[in-house]
Amino acid sequence: MLRGALKELLRYPSALAGLLVILFLVVVSIYTVITIPYSEAIRLWRGGEEIWGDVPKLAAPAWFNHFTSKKRPLTIKLTSQDEGVESNYAQISDDLWVDDTTYTFDFQYDEFPQEVAVTLLGTFTEKAPYVSIVWVKPDGTEIRLADMAVEGGKRVYRASQDEKLGRKLKLPANASPLVGLFAEDPQAEDPVPMKGTYQVRLEGTLFEPDSTLQSKLVVYGTVYGWAGTDHLRRDLGIALLWGTPVALAFGLLAALGTTVLTMLISAIGVWYGGWVDALIQRITEVNLVLPVLPILIMIGVFYTRSLWAMLGVIIALSIFGAGIKTNRAIFLQVKSQPYIEAARAYGASDWRIIFFYMVPRIIPTIIPALVTLIPSFVFLEASLAVLGLGDPVLPTWGKIINDARDNGALYQGLFYWVLEPSALLMITGIGFAMLGFSLDRVFNPRLREL
Amino acid sequence: MAEHESSSSTVQTQKRARPQSTWERLLRYTVVRLVTLFITVVIGVYLTILIANMGGYVDEIRRSQIREQIAIRLQNDPAFRALPPEERQKRIDAEVAVEEKRLGLDKPFLVRSFNYLKHALTLDLGRSENMTSDSGSRQVRLILLERLPATLVLFGTSQIVLFALTLYIALYLSRHYGSWLDRLFVALSPLSSAPGWFYGIFLIIVFAAWLKILPFGGMVSVPPPENPIRYALDVAYHMILPMMAMTLSSIFISVYSWRTFFLIFSSEDYVEMAKAKGVHPRAIERRYILRPTLPTIITSFALGVIGVWMGAPIFETIFNWPGLGRVLFQAVQLFDTPVIVGATVIFAYLLALTVFLLDIIYAIVDPRVSVGGGQRA
């Protein structure tokens with residue numbers, strides 16, 4: 001019977017589309033769980049500056065560049081050990097060494113980068129190395145950015161925070177110092193970045209024979225990766241990928257748990273009848289006035305935000321839902337059928353009748369309902385996350401939307417941040433709904449011709 | 001309409017010795033439903049209290065409130081202020097102990113839980129920890145009731161509009177079965193798997209952030225217009241996006257299921273008979289299709305309304321709508337326990353009220369409903 005149903009199901013284009021979407025989500029989930037193990041995902045997602053320090057903040061996905069004529073810069077990251085970075089180390093006198101490093105990079109973009117940062121790492125015993133940072137534009141203009149001693153072993157120079165630079169270059173009051181570093185004409189009304197080969201020269205002076213100097217140059221772009229980054233510089237791709245197995249597992253488990261338990265309870269109620277049935281009916285009525293979302297919020301605030309605890313509570317609150325009434329109506333019909341009486345006559349036990357004679361009859365109605373129910377639980381999880389009650393450790397789609405809203409993504413025009421997780425939620429919802437509706441038509445022939 | 005009333009009352013006279021008038025039937029039904037629903041609400045609120053108090057939170061709220069009240073009262077007493085600090089502390093502790101005993105906080109939990117139930121049912125919801133109402137009160141009841149109209153305006157209006165719109169489109173599609181519009185609605189029905197707030201985000205992006213023709217959220221402009229008519233228009237202007245979001249998320253599936261339902265009904269024998277008799281199509285629709293399906297439609301509508309109610313906290317948060325749901329969200333962020341518990345209780349009441357109202361409407365439209373909880377003849 002199932003094979004026939006499947007064959008018939010595939011005649012519906014919407015079922016096929018739904019199945020493809022679900023297949024895609026499953027493949028993504030498997031890929032994610034294999035390539036980024038659970039612990040790694042949590043480490044990355046909860047990581048701070050040490051993991052994401054060299055990634056731009058609030059960067060759009062890199063593929064944006066394919067759709068605009070104005071190319072946005074990618075991040076350029078160079079360290080003093082990299083090939084192509086010139087180093088020049090020489091002793092000048094008994095207690096003076098020079099260590100010059102020249103970074104050369106090509107800049108062919110139409111927009112200004114977000115930030116230029118030079119990190120200096122020095123080792124010394126008493127007197128810290130001294131470094132001058134010189135910026136060389138493609139047209140040969142030289143700008144002295146900073147002179148600093150590498151006190152404490154590490155210094156970071158960030159151009160965007162260098163207010164003196166703005167004054168030195170006579171920039172308009174509210175212009176970013178980066179305009180001064182990249183613009184063809186920094187005073188222009190609408191400055192454009194100069195394309196070509198830039199150089200950053202670090203002129204280091206060391207005062208001890210064992211003293212060393214290492215450095216790193218990061219020109220932060222405004223696009224990153226395939227998914228972009230958030231306000232904490234994290235790659236959204238990780239959360240989008242990991243959100244897939246989480247959403248699927250959550251939706252599937254919740255729908256399965258709810259449907260199966262509802263079915264069993266209504267079967268038991270109908271079979272035993274009397275006070276059991278009445279009790280189940282009354283519980284269903286009470287359950288109808290229980291405010292589910294506020295109760296979930298209460299549990300999230302007072303006890304736990306763990307996704308799996310929420311899953312349990314959601315199942316517990318949805319068992320006695322509207323499904324009980326529909327199932328009950330069907331079971332009442334089933335119960336009065338002669339084959340049940342026959343089973344009773346040969347001495348079948350109550351449980352045997354419930355599990356082998358009643359439950360199988362309702363499966364065709366249950367399967368479409370189950371599939372259609374999955375998205376509502378996926379969205380419920382997202383709703384909780386958007387209310388700030390998402391799982392504390394796991395990255396989920398809802399949590400991305402919540403972060404985006406909290407950080408004003410809608411007001412700042414950072415639409416990718418909201419639209420990416422939303423699109424995935426939407427695809428999931430539509431995929432399962434399309435499959436569920438087609439299943440409904442296959443299993444309920446009354447709907448078929450309509 | 002009249003024909004139906006009479007035909008159904010003949011059914012009842014056959015069953016009952018004494019014929020019942022619609023109003024009598026309705027009154028008895030209302031009273032019975034009210035009592036059952038009240039019991040249901042009591043159980044629902046009691047469950048809410050049990051959940052809230054599992055970690056002793058309600059107790060903590062009560063204790064800290066008592067301590068605060070006593071401290072404030074004693075601060076105003078000059079004799080108390082003259083006491084040395086340890087003495088003052090002792091005095092407060094003693095008074096708190098007396099007050100806790102008076103309120104029964106020293107009693108076992110079972111007894112106390114019924115006390116809380118009484119407070120919750122009489123809407124004696126205590127005082128908030130941080131939040132204040134717009135008039136500056138810290139009474140949880142005031143904070144919540146002040147926001148209630150905003151929620152009712154938004155959800156009431158949109159549900160009524162949605163109901164009428166859905167019914168109209170569904171009837172239209174059942175007449176034009178198989179047309180491109182019909183197929184469009186069927187094809188778009190999976191869109192309804194996403195909740196309203198989700199479409200809200202899209203609509204805000206398109207109409208507020210991108211096109212800049214509608215507000216991001218809120219209920220009135222700042223500052224609110226003084227003229228009442230302009231105020232109402234301003235509220236209506238702010239309601240466009242939330243209503244669109246609600247409509248988008250539910251209209252396709254409801255139209256689809258209702259139109260299917262109408263189609264099934266229009267192939268009934270008596271409808272065919274009426275068609276053969278030459279009854280006007282509109283009259284067939286009204287009398288033979290709409291009338292008998294109305295109870296089912298109202299049930300599905302009721303479930304829809306309840307579903308929307310449940311989503312109010314997040315929906316209002318997305319649209320910054322100053323309603324009950326948003327208060328709940330703010331309370332969550334400020335960790336204001338009394339407000340969270342109070343809002344949950346009010347939501348339970350609202351749900352019960354919705355169920356009650358729809359039960360009554362159900363009883364009015366379905367003459368077969370008799371006392372005893374929706375039994376059908």
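**Entry 1: where chains A and B meet**

I began with the contact between the two chains, and I counted 40 residues from chain A and 47 residues from chain B in it. A reminder to myself: this is a predicted model.

Next I asked which helices of chain A each supply at least two residues of the side that touches chain B. I noted four names here: helix H8 (274-289), helix H9 (292-302), helix H13 (350-389) and helix H16 (415-443). Which of the elements gives the largest share of that side? I found that H16(A) does, with eleven residues.

I then sorted the side of chain A that touches chain B by class, and got 32 nonpolar, six polar and two charged residues.

**Entry 2: the domains of chain B**

I turned to chain B and looked up its domain assignment, which gives domain 1 as 38-122 and domain 2 as 140-365. How far apart do the C-alpha centres of these two domains of chain B lie? I read off 41 Å.

The two domains do touch: I found ten residues of domain 1 of chain B and eight residues of domain 2 of chain B in the contact.

**Entry 3: the domain 1 side**

I stayed with the side of domain 1 of chain B that touches domain 2 of chain B, where helix H2 (22-53) and helix H3 (57-75) of chain B are the elements giving two or more residues. H2(B) brings the largest share of this side, six residues.

Technical notes
Residues numbered from 1 in each chain as written. Chains lettered and ligands numbered in written order. Predicted model: local features only at pLDDT ≥ 70, side-chain atom pairs only at ≥ 80, totals over all residues. Contact = placed C-beta atoms within 7 Å. Nonpolar A, V, L, I, M, F, W, Y, C, P; charged D, E, K, R; others polar. Domains from an automatic or database assignment.
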